[in-house]
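Student: I would like to learn how to read a model like this one feature by feature, beginning with a helix and moving on to the sheet. Could you take me through it slowly?

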Amino acid sequence: MKILMVLTSHDQLGDTGKKTGFWLEEFAAPYYVFKDAGATITLVSPKGGQPPLDPKSDDEASQTDATRRFKADPAAQADLAHTRLLAGVSAADFDAVFYPGGHGPLWDLALDKSSIALIETMIKTGKPVAAVCHAPGVLRHVKAPDGSPLVKGKRVTGFSNTEEEAVALTKIVPFLVEDMLKENGGSYSKGADWQPYVLTDGLLITGQNPASSEPAAKVLLQALA
């Protein structure tokens, strides 16, 4: 079982002068779900190397069992520090792909041609694609085999407008995940803010927020089983 995890390389929060990147829990929780299931995990990012960590996800208030486990795991830290280039991997070599969120993907992965092609190929070849929190933003320009938006007519979720308002970044992000999914014809729904909520529609698995990352990873494993 070979799982590809795609992380952002983008570290600037718009023009605020503040840093962003990937959200630690959304990487660590799925990473250990996959690792504990015996999966071979490959980490990639657009620029390769160490992906930027959203500093807020490193706050004490944001820590979970998975993030604490990661911080005590030198091997996992070394793995993350040496992500491969996204453009250099082939969908043929993997059984599934998982996208952790954080605000970073809205700026780079949503527009990344290698990411778009990867998702389109995975879906075309019958392999599941999972994305949580802001990472469903990577689906913005992805097409289904018939040329329509991939999310059109599909049950999807992602970071909600109310959650974005709560973190006061509605006017900072390049687009709102909820609005984009709806504009592309997705059948968007959400659970309560900050509570786990995961949807599956065919090969597409989406989770709403950080708390949804571990359950989304487990759903991805079920899809592979």
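Tutor: Let us start with what a helix label stands for: helices are DSSP runs of at least four residues, numbered from the N terminus. Bear in mind throughout that this is a predicted model. With that in place, Leu221 can be located in helix H7, which comprises residues 213-224.

Student: Is Leu221 buried or exposed?

Tutor: The cut-off for buried is under 20% relative accessible area. Leu221 is buried because its relative accessible area is 17%.

Student: Which residues does Leu221 touch, if those up to four places away in sequence are not counted?

Tutor: Leu221 touches Met1, Ile3, Val33, Phe34 and Ala37.

Student: How far does H7 reach from its first C-alpha to its last, and which of its residues are buried?

Tutor: H7 has 12 residues and reaches 17 Å, close to the 16 Å expected at 1.5 Å a residue. Its buried residues are Ser213, Ala216, Ala217, Leu220 and Leu221. These cover an arc of only 145° around the axis, and therefore they lie on the same side of H7.

Student: What covers the buried residues of H7?

Tutor: The cover includes helix H1 (24-36) together with several strands, among them S1 (2-6), S4 (96-99), S5 (129-132), S8 (198-201) and S9 (204-207).

Student: Which neighbouring strands run parallel, and over how many bridges?

Tutor: S1 and S4 run parallel and are joined by three bridges. Within that pair Ile3 stands opposite Ala96, while Leu4 stands opposite Val97. S4 and S5 also run parallel, again with three bridges, and there the bridge partner of Phe98 is Ala130 in S5. Further along, S5 and S9 pair in the parallel sense over four bridges, with Gly207 in S9 as the bridge partner of Val132.

Student: In which sense do S8 and S9 pair?

Tutor: S8 and S9 pair in the antiparallel sense, over four bridges, and Asp201 stands opposite Leu204 in S9. The two strands form a hairpin with two residues between them, and Gly202 in the turn has a positive phi of about 65°.

Student: How should I read the two faces of a strand such as S4?

Tutor: In a regular strand the side chains alternate between the two faces of the sheet. In S4, Ala96 and Phe98 point one way and Val97 and Tyr99 the other way, and all are buried. S9 likewise has both faces covered, with Leu204 and Thr206 buried on one side and Ile205 and Gly207 buried on the other.

Student: How many aromatic pairs does the structure hold, and how do I read the geometry of one?

Tutor: The structure holds six aromatic pairs. For Phe27 and Tyr31, the ring centres are 5.2 Å apart and the planes are at 40°, so the pair is tilted. Both residues lie in helix H1, four residues apart, which is about one turn of the helix. Phe27 is buried at 0% relative accessibility, and Tyr31 is buried with a relative accessible area of 4%. Ring pairs also link Phe22, Phe27, Tyr31, Tyr32 and Phe70 into a cluster.

Definitions and conventions: Residues are numbered from 1 along each chain as its sequence is written. This is a predicted model: local features need pLDDT of at least 70, side-chain atom pairs count only at pLDDT 80 or more; totals for chains, interfaces and linings use all residues. Side-chain values use heavy atoms; hydrogens and water are left out. Buried means under 20% relative accessible area, exposed over 50%, partly exposed in between (1.4 Å probe, protein chains only). Contact means heavy atoms within 4.5 Å. The expected span of a helix is 1.5 Å times one less than its number of residues. The arc is that of the directions from the helix axis to the C-beta atoms. Two strands pair if DSSP finds at least two bridges between them. Rings of Phe, Tyr and Trp (its six-membered ring) pair if their centres lie within 6.5 Å; planes under 30 degrees apart count as stacked, over 60 as edge-to-face and the rest as tilted.
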